[in-house]
There are 2 protein chains.
Amino acid sequence: MKNKRFSQIDASIPTIRRLPSYLNVIRRALEKDLKVISGTVIASELELEPIQVRKDLAVTGIVGKPRVGYDVKELKNAIESFLNWDKKHKAIVIGTGNLGTALIGYHGFKQNGMDIIASFDSSEDKIGKFIINVETYPMDKLPSMVKDESVDIAILTVPSENAQEVTDTLVNAGISAIWNFTNLKLKVPKDVLVLREDLSSSYAVLSVCK
Amino acid sequence: MKNKRFSQIDASIPTIRRLPSYLNVIRRALEKDLKVISGTVIASELELEPIQVRKDLAVTGIVGKPRVGYDVKELKNAIESFLNWDKKHKAIVIGTGNLGTALIGYHGFKQNGMDIIASFDSSEDKIGKFIINVETYPMDKLPSMVKDESVDIAILTVPSENAQEVTDTLVNAGISAIWNFTNLKLKVPKDVLVLREDLSSSYAVLSVCK
């Protein structure tokens, strides 16, 4: 992952990756009307070391009270704010196969600010159709959508052989972040963030450790 | 992730997670009929440090020749063998929504030894139907399938509210590894490996760094 902007963020990528799991625990605590929660309880729930939890949560600016813990509502707001999940992120899905369709329906996104405004496909019979409430557009509408709507995140679920071409189109249209679900390593300028979601990494761990 | 067996494996989880990307590079080199490939070329392709690449690849038992590099075919076989990707892994998918369907069609799995032998769903109208060549069975057939077919990996894509119940059924039937795509933290005995695939971790990085 290469991105100049990473150096400006006061948290490591592993810490950022763990924050959603903390948020899950906090939200469940809030649903149970808990007012405070201790770092130790959060740690045991997630099977992490308490010191790790305290360090991770410190990036949000919130510090727990000794022997008491964290104010649940305050911590929830602080994590959501740190993650920018209290703001809208306009996203598009390119490729409306099963994976693209699954991602459009993924409930965790909407709850956390992701607003999928459109999907794109090259197949004639998909164009104009809706997946839930998201309309599918033809590929030639991609550049104008990215520009006119100031799309934040492009979710790429096209076949690998089309991935670089679509990426070039996205980059030329001014996209700043691509979530790559294909198995191609995309070539992009340094100021475009590409995050690759690679299922074979997890499958490797399962194959070796099972 | 908790598993006694991890301690018996001579490679760290991050190394194991990186091995599939090395294998991708090696397979492409083989397609181009390259006989040897240098660690530096692999490193630059994946934007890693050469020393990292050499250390990671050393876990497979293969060492490159100075100024020459790795024998491509030998390295490919060594990685596949280390990952157990030269053997079959029987898998089942539980929950045949869009995500389950996408995973059944994910081409990277079959190529690497995963053999999805059945899928399961609680919805009457899905039972008996085929996704590609995988038949969907009713949930009450789950225990006998796991036992009789010695299933290695259960891929869980059911709604979160059913996830623990299905997990208990799987554990009682003797499953050893669960790939959890739900957002529930599953409770399992220590000798069952659970790997959680959590899309919100990546979304967090995108939201913070874009």
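**The contact between the chains**

Modeller: Between chain A and chain B, the salt-bridge count is zero. This is a predicted model, so treat the picture as a prediction. Polar contacts do cross over: 14 residue pairs make them, both partners being at pLDDT 80 or more.

Take the side of chain A that touches chain B. Several elements give two or more residues to it: the helices α1 (13–31), α2 (39–46), α5 (98–105), α6 (107–111) and α9 (199–209), and the strands β8 (177–180) and β9 (193–196). The most comes from α9(A), with 11 residues. By residue type, this side divides into 30 nonpolar, 14 polar and 11 charged.

Now the extent. Chain A contributes 55 residues to the contact, and chain B contributes 55 residues. Together the chains bury about 5,200 Å², with 66% of it on carbon and sulfur atoms. On the chain A side, the residues that lose the most area to chain B are A:L199, A:Y203 and A:K210, together 15% of what that side buries.

Two of the contributing elements are strands, β8(A) and β9(A). Follow them into the sheet. Chain A has an open sheet of seven strands, with mixed pairing, in the order β5-β6-β4-β3-β7-β8-β9. Its edge strands are β5 (130–131) and β9 of chain A, each pairing on one side only. Four bridges join β8(A) to β9(A), in the parallel sense. Across that pair, A:W179 stands opposite A:L195 in β9(A). One edge strand of the chain A sheet, β9(A), is thus also among the elements that touch chain B.

Turn to chain B. There, too, seven strands form an open sheet, of mixed pairing, ordered β5-β6-β4-β3-β7-β8-β9. β5 (130–131) and β9 (193–196) of chain B stand at the edges with a single partner strand each, so one side of each has no neighbour in the sheet.

Further in lies β3(B). It covers residues 89–94 and pairs in the parallel sense with β7(B), residues 153–156, over four bridges. In that pairing, B:V93 stands opposite B:I155. On β4(B), residues 114–121, β3(B) has another parallel partner, joined by six bridges. Here B:I94 stands opposite B:F120. Five of the six residues of β3(B) are buried, so the rest of the structure largely encloses this strand.

Back to the charges. One is in chain A, where the side chains of A:K90 and A:E149 meet at 3.2 Å, N to O. This pair links distant parts of the chain: A:K90 lies in β3 (residues 89–94), A:E149 in the loop between α7 (142–148) and β7 (153–156), 59 residues apart. Both ends are partly exposed: A:K90 has a relative accessible area of 28%, and A:E149 has 34%.

In chain B, the side chains of B:R18 and B:D56 form a salt bridge at 2.6 Å, N to O. B:R18 is in helix α1 (residues 13–31) and B:D56 in helix α3 (residues 50–58), so the pair ties together parts that are 38 residues apart in sequence. B:R18 is partly exposed at 22% relative accessibility, whereas B:D56 is buried at 2%.

B:D86 and B:K87 form another salt bridge, with the closest N and O atoms 3.3 Å apart. B:D86 counts as partly exposed at 45%, and B:K87 as partly exposed at 43%.

Chain A also has a network: A:R27, A:K76 and A:E80 are joined by salt bridges that share partners. A:E80 sits in helix α4 (residues 72–82) of chain A. This residue is buried, with a relative accessible area of 11%. Leaving aside residues up to four places away in sequence, A:E80 touches A:L23, A:R27, A:W85 and A:D86.

Last, the segment before α1 of chain A, where A:S12 lies. α1(A) is among the elements that touch chain B. A:S12 is partly exposed, at 37% relative accessible area. Its side chain makes a polar contact with that of A:T15, at 3.1 Å. A:S12 and A:V59 are 47 residues apart in sequence but 9.5 Å apart in space, C-alpha to C-alpha.

Terms used:
Residues numbered from 1 in each chain as written. Chains lettered and ligands numbered in written order. Predicted model: local features only at pLDDT ≥ 70, side-chain atom pairs only at ≥ 80, totals over all residues. Heavy atoms only, no water. Pairing = 2+ DSSP bridges. Contact = heavy atoms within 4.5 Å. Buried area = accessible area lost by both parts, 1.4 Å probe. Salt bridge = Lys/Arg side-chain N within 4 Å of Asp/Glu carboxyl O. Polar contact = N/O pair within 3.5 Å; in protein donor to acceptor, adjacent residues only side chain to side chain. Nonpolar A, V, L, I, M, F, W, Y, C, P; charged D, E, K, R; others polar. Buried < 20%, exposed > 50% of the residue type's maximum accessible area, 1.4 Å probe, protein only.
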